Amino acid sequence: MIVIRPCRLDECRAVLALWERAGAIPSPTDTLEELTQLVRAHGDGLLVAVQQGAVVGSVIGGWDGWRGNIYRLAVAPEARRHGLARRLVHEAEQVLKTKGARRISALVDRYEAHAVGFWDALADRGWRRDERMLRYIKLGGPFEAPHVPIPKARGPLRGPRAAASRSAPGA
Ligand SMILES: CC(C)(COP(=O)(O)OP(=O)(O)OC[C@H]1O[C@@H](n2cnc3c(N)ncnc32)[C@H](O)[C@@H]1OP(=O)(O)O)[C@@H](O)C(=O)NCCC(=O)NCCS
């Protein structure tokens with residue numbers, strides 16, 4: 001049985017290992033220090049899926065008082081295609097709604113075919129692509145971890161959705 005619950009402080013290291021094993025795109029904030037800070041400050045901001053003591057899934061549900069944001073959805077390779085990511089997103093949504101969120105976003109790398117495939121599949125839960133938006137980021141000053149570059153796209157989006165994505169305006 002897989003249980004989904006808030007991450008405990010002593011599980012942060014296992015979550016970082018999961019992200020690496022899952023092939024999640026590395027980000028400058030993937031540090032034990034920053035993950036620990038998140039768990040300390042927002043107990044239910046990071047949910048983990050635990051099977052027999054092992055962390056096999058994660059999701060961050062961020063709430064800034066205005067909008068909910070979902071980050072770091074990851075499922076261990078051996079636990080995939082059993083609906084675990086769907087469950088994680090559902091649980092994160094419940095937490096965010098309890099905090100007052102009426103709008104929730106998820107940033108998805110358009111070149112990660114499995115991630116796009118997953119989020120497209122959530123259309124039955126009301127999730128849809130927002131083709132209007134571009135993402136602007138700033139790394140610098142005290143926020144920058146200079147040793148971690150912004151990852152480049154890993155390759156072209158594959159599969160039937162790739163063509164649709166390429167032809168969509170603003171995609
Ligand atoms: C994307 C990811 C979280 C999906 O986890 P999962 O537990 O396997 O997903 P689910 O089992 O809940 O999948 C639900 C549906 O999403 C779609 N889906 C899931 N993985 C997919 C893939 N690799 N390709 C295409 N569609 C996929 C399917 O429609 C699936 O339903 P089905 O299995 O009945 O066909 C997992 O592959 C992962 O951790 N990838 C690496 C990290 C990542 O990219 N995270 C997303 C960042 S936004």
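Visitor: By class, how many residues of the shell around the ligand are nonpolar, polar and charged?

Guide: This is a predicted model. In it, the shell around the ligand has 12 nonpolar, 5 polar and 4 charged residues. In total, 21 residues surround the ligand, and the closest are Arg 80, Ala 85, His 114, Gly 117 and Ala 121.

Visitor: Which element supplies the largest share of the shell around the ligand?

Guide: That element is α4, with 5 residues. At least two residues each come from β4 (68-75), α3 (84-99) and α4 (113-121).

Visitor: Which residues make the contact of α1 with α2?

Guide: From α1 come Cys 12, Arg 13, Val 15 and Leu 16, and from α2 come Leu 32, Leu 35, Thr 36 and Val 39. By class, these residues divide into 6 nonpolar, 1 polar and 1 charged.

Visitor: Why is Thr 36 called partly exposed?

Guide: Thr 36, which lies in helix α2, has 15 other C-beta atoms within 10 Å. Buried requires 20 or more, and exposed requires 12 or fewer. The count of 15 lies in between, so Thr 36 is partly exposed. Not counting residues up to four places away in sequence, Thr 36 touches Leu 9 and Cys 12. Thr 36 and Asp 10 are 26 residues apart in sequence, while their C-alpha atoms are 8.8 Å apart in space.

Visitor: Does Gln 52 count as buried or exposed, and what makes it so?

Guide: Gln 52 has 8 C-beta neighbours inside 10 Å. Exposed means 12 or fewer, so Gln 52 counts as exposed. Its place is in the loop between β2 (46-51) and β3 (54-63).

Visitor: How do you know that Arg 72 counts as buried?

Guide: Arg 72, in strand β4, has 23 C-beta neighbours inside 10 Å. The cut-off for buried is 20 or more, so Arg 72 counts as buried.

Visitor: What is the phi of Arg 72?

Guide: Phi of Arg 72 is near 50°, a positive value in a residue other than glycine. Gln 52, also not a glycine, has a positive phi of about 45°. Most residues other than glycine have a negative phi.

Methods
Residues numbered from 1 in each chain as written. Predicted model: local features only at pLDDT ≥ 70, side-chain atom pairs only at ≥ 80, totals over all residues. Contact = placed C-beta atoms within 7 Å. Helix = DSSP H or I, 4+ residues; strand = E, 2+ residues; numbered from the N terminus. Nonpolar A, V, L, I, M, F, W, Y, C, P; charged D, E, K, R; others polar. Near = placed C-beta within 6 Å.
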